Amino acid sequence: MTELLDLLPEDGIVLGAAAKDWRELTETVGELLVDADVAEPSYTGAMIRNVETNGPYLVIAPGLALLHARPEEGARAPGLVLVTPRTPIEFGHSTNDPVRVALGLTAVDATGHLDLLGAIGAIFTHPDAVDRIAAARTSGELRDVVAHLTEEN
Amino acid sequence: MNEKLLVVCGTGMGSSMILKMMVDQVVGAQKLPFDVSSDLASGARSSGADVIVAGLDLAPTLTNVPATVIGIKNILDKAEIASALEEYLASKNDGED
């Protein structure tokens with residue numbers, strides 16, 4: 001199975017982002033996806049609308065948000081980025097707030113991103129993955145944490 | 001005969017697929033009697049599924065669905081998924097002749 005570290009582009013990681021609410025956090029994630037050439041700028045608005053329409057179900061585990069929209073809303077290629085906000089962000093989820101790690105995901109069809117999802121699942125099934133990743137201050141620290149979590153599988 | 005289990009989310013390609021992977025792993029490891037598929041939440045009503053599994057905050061939006069709806073708080077927590085599925089199976093067996 002492909003490793004999370006291989007799937008995150010070097011520029012696709014922002015730690016300690018200065019977002020003051022969930023919209024700003026989603027905008028930061030969206031910018032990274034655009035910079036990584038996996039999404040059009042329109043995808044950011046689509047991710048925000050997904051939360052507005054469907055609610056904060058995207059906070060899929062305590063502290064972890066999986067921000068995404070549908071492929072036809074501006075995805076260009078399967079992609080993954082990771083943002084940790086400087087202060088934890090409320091999305092309004094009944095049990096899993098506040099968010100300390102936000103993943104951004106793009107897919108263009110039903111299956112091309114399954115590797116990404118598998119890698120996400122394998123890392124974040126560890127109960128302390130969010131804590132350890134949220135505490136990383138540098139990209140090097142993050143990579144160490146993810147490498148350790150991967151070994152623990 | 002296997003229960004039809006449908007995993008749903010708002011977009012049909014993000015959390016529902018992760019949840020489906022986790023459900024597949026739990027069903028496979030414990031040999032639970034489910035056939036598992038995934039779809040958009042809007043496909044739930046007409047799916048013919050016996051049980052629908054979704055993230056906890058999406059579950060209340062699945063109204064008028066002729067199936068048992070199970071909300072999962074942490075879709076990456078296999079223990080939570082396993083115990084929710086086992087509880088469902090136990091309650092079905094109670095109702096059987």
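## A covered helix in chain A

In this predicted model, helix α4 of chain A, residues 114-124, is mostly covered, with nine of its 11 residues buried. The buried residues run from Leu116(A), Leu117(A), Gly118(A) and Ala119(A) through Ile120(A), Gly121(A) and Ala122(A) to Ile123(A) and Phe124(A).

An α-helix has 3.6 residues a turn, so residues three or four places apart point the same way.

## Phe34 and Val51 in chain B

What does Phe34(B) touch, leaving aside its neighbours within four places in sequence? Phe34(B) is in contact with Asn2(B), Glu3(B), Leu5(B), Val27(B), Val51(B), Leu85(B), Tyr88(B) and Leu89(B).

Val51(B) lies in strand β3 of chain B, which covers residues 51-55. Is Val51(B) buried or exposed? Val51(B) has a relative accessible area of 0%, so the residue counts as buried, the cut-off being under 20%. Again leaving aside neighbours within four places in sequence, the contacts of Val51(B) are Lys4(B), Leu5(B), Leu6(B), Phe34(B), Ala67(B), Thr68(B), Ile70(B) and Tyr88(B). Ala79(B) is 28 residues from Val51(B) along the chain, and the C-alpha atoms of the two are separated by 18 Å.

## Where the chains meet

At the interface, 20 residues of chain B are in contact with 29 residues of chain A. The area buried between the two chains is about 1,900 Å², and carbon and sulfur atoms give 67% of that area. On the side of chain B, Met13(B), Asp57(B) and Leu76(B) lose the most area to chain A, together 32% of what that side buries.

How many salt bridges does the rule find across the interface of chain B and chain A? The number is zero. Polar contacts are present: six residue pairs are counted between the chains, with both residues at pLDDT 80 or more. Helix α1(B) gives the most to the side of chain B that touches chain A, with five residues. By type, the residues of that side divide into 11 nonpolar, six polar and three charged.

Note on methods:
Residues are numbered from 1 along each chain as its sequence is written. Chains are lettered from A and ligands numbered from 1 in the order in which they are written. This is a predicted model: local features need pLDDT of at least 70, side-chain atom pairs count only at pLDDT 80 or more; totals for chains, interfaces and linings use all residues. Side-chain values use heavy atoms; hydrogens and water are left out. Contact means heavy atoms within 4.5 Å. Buried area is the accessible area (1.4 Å probe) that two parts lose on being put together, summed over both. A salt bridge is a side-chain nitrogen of Lys or Arg within 4 Å of a carboxyl oxygen of Asp or Glu. A polar contact is a pair of N or O atoms within 3.5 Å; within protein, one must be able to donate a hydrogen and the other to accept it, and residues adjacent in sequence count only if both atoms are side-chain atoms. Helices (H or I, at least four residues) and strands (E, at least two) are DSSP runs, numbered from the N terminus. Ala, Val, Leu, Ile, Met, Phe, Trp, Tyr, Cys and Pro count as nonpolar, Asp, Glu, Lys and Arg as charged, and the others, Gly among them, as polar. Buried means under 20% relative accessible area, exposed over 50%, partly exposed in between (1.4 Å probe, protein chains only).
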